[in-house]
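Subject: Structure for you to look at

Hello,

Here is the structure I said I would pass on. Please open it first, then read the notes below alongside it.

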Amino acid sequence: MADEPIRWGILGTGGIAEVFTADLLHLDGHEVAAVGSRSPATAAAFARRHGIGRAHASYAALAADEDVDVVYVATPHPLHFEPARLCLEAGRAVLVEKPFTTSAADAERLAGIARATGGFAMEAMWTRFSPLVRRLHALVGEGAIGEVSAVYADFSIAPPFDPEHRLWSAELAGGSLLDLGCYVLSITWPLLGPPDTVQATAAPAPTGVDANTGVLLGYRSGAVALLHCGLMGESPHTATVVGTKGRIELASPFYRPEALTLTRAGGAPETFTVDLAGNGYTHQAEEVARCLRLGLTESPLLPLDESVAVLRVIDEIAASFQGSS
């Protein structure tokens, strides 16, 4: 595999599949070999748009394609588990769109299947592989801002209310927490780890999903994380990490930043910039390729246990919201 292109299969043909596929087509050493959909016509149309050689009329057929190394699972949230299971049990590696599944229990089951089959699996939390997010982690690890004392992150948008749309639909695992909250939690996790206390408040949409959610995480070190996700207004989409000796700010949008500013205590701000290729999804694809070529079954940058643990906190937040509704 070291000298051969990584052959991708795309499972699902929605908007995120379009964007990710477009980024893959810009990468050397990667080939989009096949696409699979529950609709033969949809799969064929997607293949034509992107110049893909094979269109499969079912997820199972894509999973069985021996000329595919890794499948990108791009289905709606509630349909992540079963297609990913099919692929792993058929011998395909998987990159599963975030959130990995809709519950920690399902995430744990899927991780167990990956380990039992010896297959590679990773959550497509693309932000974690951004060059500037990785630089953020490196700067904190080097002690550039001392000990982390607080993380602030927000990700709120203002889509029109449509009870049939996946963001607003309870049946499609909608709401801000699973769709956007996973980002603010994921940016916090490598910096502070699992929280010792979790407090949350949420406003429900008419469909019952959370429409505006605030989260306060507490840590024995004394650090806190103040996080916000919502569907009721456009927020700045920024993230700030405060330390005992300075702070680091990720420019908007923090989930695909092109600028990072480090301000050491008593020092002048230092700004780092990067030009992102395509839509910013190339970095997670490159991480998948790196892992496959090294024979790894998990990414050390985003191990499966972390994806499970983040969903465990999401479950806890959701339970507190549901209990008060």
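Two strands count as paired here if DSSP finds at least two bridges between them. Please keep in mind that this is a predicted model.

The parallel sheet

By that rule, six strands make up an open sheet with parallel pairing, and their order is S3-S2-S1-S4-S5-S6. Which strands stand at the edges? They are S3 (54-56) and S6 (121-124); each has a single partner strand, so one side of each is left without a neighbour in the sheet. On average, neighbouring strands of this sheet are turned by 25° against each other, direction ignored.

Val94 has Ala121 in S6 as its bridge partner. Helix H8 (residues 282-294) packs on the sheet and touches S1 (6-11), S2 (30-36), S4 (70-73), S5 and S6. The direction of H8 makes about 125° with that of S1.

The antiparallel strands

Strand S13 (residues 259-264) pairs with S12 (residues 246-250) through five bridges, running antiparallel. Here Gly246 is partnered by Arg264 in S13. S13 also pairs with S14 (residues 270-273), again antiparallel, over four bridges, and Thr261 stands opposite Thr271 in S14. S13 and S14 form a hairpin with five residues between them, and Gly266 in the turn has a positive phi of about 80°.

The surface

Tyr152, Leu216 and Leu226 make a nonpolar surface patch of about 250 Å². Leu216 lies in strand S9 (residues 210-218) and is partly exposed, with a relative accessible area of 33%.

Regards

Notes: Residues are numbered from 1 along each chain as its sequence is written. This is a predicted model: local features need pLDDT of at least 70, side-chain atom pairs count only at pLDDT 80 or more; totals for chains, interfaces and linings use all residues. Side-chain values use heavy atoms; hydrogens and water are left out. Helices (H or I, at least four residues) and strands (E, at least two) are DSSP runs, numbered from the N terminus. Axes are lines fitted to C-alpha atoms, for helices over the stretch in contact, and angles run from 0 to 180 degrees between N-to-C directions. Contact means heavy atoms within 4.5 Å. Patches are made of residues with over 30% relative accessible area and no salt bridge: like charges are joined within 9 Å, nonpolar side chains (Val, Leu, Ile, Met, Phe, Trp, Tyr) within 5 Å. Accessible areas come from the Shrake-Rupley method with a 1.4 Å probe; for residues, only the protein chains shown count as cover. A salt bridge is a side-chain nitrogen of Lys or Arg within 4 Å of a carboxyl oxygen of Asp or Glu. Buried means under 20% relative accessible area, exposed over 50%, partly exposed in between (1.4 Å probe, protein chains only).
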